Amino acid sequence: MISNKILTAAEEVNGPIVVPRDHIVNAGVQYGAGGLGTLVLEGTLNEVDWVAIGLTPAGGGAVVASVAAAGIWYAAVSQYSSVRLRKSVAGGGPVTSSLSIASAR
C-alpha cells in the first residue's frame, strides 16, 4: 500500500497505514524534492500513543530519527499495528511525502 500526501502544516500526517499481521513488514518513506520541513516516521500499538521509528537511507548509512531533505528511507515495522508519517517542523513550504508498506512471508 502507498499513501501520497502533500504536508503543509506542522503536525500534519500522511497515514496511518495498518501494518499486516503475520508478515515481515518494511515501511518506505520518500521526501519529495523542493519541500521544506522535517518528517518523522511513527508507529503505534494502540492507535493513541505514537513513537518515532528510526529510518535507514535507501543507499545505506546510519539510522536517522527524522528527515529534512529529498530522499528515500526505510524501516522495519512488523512490531507495530499502524504507521504514519508526521511533519514535525513546518519549515517554509509544503513537502510531497510518500509512505508505503511492503510485506514478505
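Buried means under 20% relative accessible area, exposed means over 50%, and partly exposed lies in between (1.4 Å probe, protein chains only).

## Model and conventions

This is a predicted model: local features need pLDDT of at least 70, side-chain atom pairs count only at pLDDT 80 or more, and totals for chains, interfaces and linings use all residues. Residues are numbered from 1 along each chain as its sequence is written, and side-chain values use heavy atoms, with hydrogens and water left out.

## Overall fold

The protein has nine strands and zero helices. Helices (H or I, at least four residues) and strands (E, at least two) are DSSP runs, numbered from the N terminus. The pattern along the sequence is β-β-β-β-β-β-β-β-β.

The radius of gyration is 13 Å, which agrees with the value near 13 Å for a compact globule of 105 residues. That radius is taken over C-alpha atoms, and the globule rule is 2.2 Å times the number of residues to the power 0.38. Along the principal axes, the C-alpha atoms fill a box of roughly 40 × 30 × 20 Å.

## Contacts and surface

Among contacts with a separation of 6 or more, 74% join residues 24 or more positions apart. Contact means heavy atoms within 4.5 Å.

Of the 105 residues, 41% count as buried. The protein exposes about 5,300 Å², and carbon and sulfur atoms supply 59% of that area. Accessible areas come from the Shrake-Rupley method with a 1.4 Å probe; for residues, only the protein chains shown count as cover.

## The partly exposed pair

Side chains of opposite charge can pair when their charged atoms come close. The structure holds four salt bridges, each a side-chain nitrogen of Lys or Arg within 4 Å of a carboxyl oxygen of Asp or Glu.

One of them joins Glu12 to Lys5, with the closest N and O atoms 4.0 Å apart. Glu12 counts as partly exposed because its relative accessibility is 22%. Lys5 has 34%, so Lys5 is also partly exposed.

## The buried network

Glu42 forms a salt bridge with Arg84, the closest N and O atoms being 2.7 Å apart. This pair links distant parts of the chain: Glu42 lies in strand β4 (residues 38-44) and Arg84 in strand β8 (residues 82-89), 42 residues apart. Both residues are buried.

Glu42 also meets Arg86 in a salt bridge, at 2.8 Å from N to O. Here too strands β4 and β8 are linked, with Glu42 and Arg86 44 residues apart. Arg86 is buried, as is Glu42. A network of salt bridges links Glu11, Glu42, Arg84 and Arg86.
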